[in-house]
Amino acid sequence: MKNFFRVVCLSTLVLAGCANNKPSGTELTPENKAEIQEQVKTVQKKMSACVAGVNKTDDAKYVDANIIVISANNPNANKLFNSADFISDEQAVELKKFKEATMQCRSIAKELPKPELVAVYEYYNSKVDDVYNDLVNKRITIGVANQERQMRLHYTNDKWAQAMKTYQGG
């Protein structure tokens with residue numbers, strides 16, 4: 001099953017790369033680039049507002065304090081990144097509720113104007129889901145989960161920058 005999932009993820013990345021190959025005659029103009037950038041900004045603002053709303057919930061506050069570092073100014077970040085504890089049943093319930101709340105925000109990414117941009121978010125979400133599943137199933141500790149989530153976030157930021165290069169500049 002894991003190999004099947006890897007094949008699906010790899011296929012998604014390959015197809016996202018293929019989506020960027022444009023036939024001749026479809027060059028991006030400065031106007032097209034500006035329009036795409038504006039659409040991206042609009043969608044990102046919408047996603048940010050959604051995430052900010054979710055992060056204000058009691059479930060998110062609990063997750064941030066006890067399981068996964070969500071906020072940039074989390075006073076427990078060092079403890080959580082180094083925790084050798086496995087998730088408790090109560091924590092697993094809270095993490096599942098938090099993840100469910102984030103689903104509304106995830107769907108907003110589908111509004112991005114280009115499939116390769118959508119693919120970046122979808123890939124990140126699938127990898128974070130893997131981390132959460134491993135955590136809930138006690139295959140990894142809270143510390144490892146935080147480290148893996150952070151690595152995936154950095155990887156996603158790099159992939160996002162690469163995907164956006166096509167649409168930068170005038």
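Helices, like strands, are taken here as DSSP runs numbered from the N terminus, a helix being H or I over at least four residues and a strand being E over at least two. The structure is a predicted model, in which local features need pLDDT of at least 70 and side-chain atom pairs count only at pLDDT 80 or more, while totals for chains, interfaces and linings use all residues. Residues are numbered from 1 along each chain as its sequence is written, and side-chain values use heavy atoms, with hydrogens and water left out.

**Close-up 1. Asp130 and Lys127 within helix 6.** These two residues both belong to helix 6 and stand three residues apart, about one turn of the helix. They form a salt bridge (a side-chain nitrogen of Lys or Arg within 4 Å of a carboxyl oxygen of Asp or Glu), and the closest N and O atoms of Asp130 and Lys127 are 3.7 Å apart. Lys127 is buried, with a relative accessible area of 14%, whereas Asp130 is partly exposed at 24%; here buried means under 20% relative accessible area, exposed over 50%, and partly exposed in between, computed with a 1.4 Å probe on protein chains only.

**Close-up 2. The salt bridge between Arg106 and Asp129.** The closest N and O atoms of this pair are 2.7 Å apart. Because Arg106 lies in helix 5 (residues 89-106) and Asp129 in helix 6 (residues 115-136), the pair ties together parts that are 23 residues apart in sequence. Arg106 and Asp129 are both buried.

**Close-up 3. Arg152 and Glu148 in helix 7.** Helix 7 spans residues 142-165, and within this helix Arg152 and Glu148 are four residues apart, so that about one helical turn separates them. A salt bridge joins Arg152 to Glu148, with 3.8 Å between the closest N and O atoms. Of the two partners, Glu148 is buried, its relative accessible area being 19%, while Arg152 is partly exposed, with a value of 23%.

**Close-up 4. Lys138 in the loop between helix 6 and helix 7.** Although Lys138 is not a glycine, this residue has a positive phi of about 60°. Lys138 is partly exposed, with a relative accessible area of 39%, and its place in the chain is the loop that lies between helix 6 and helix 7.
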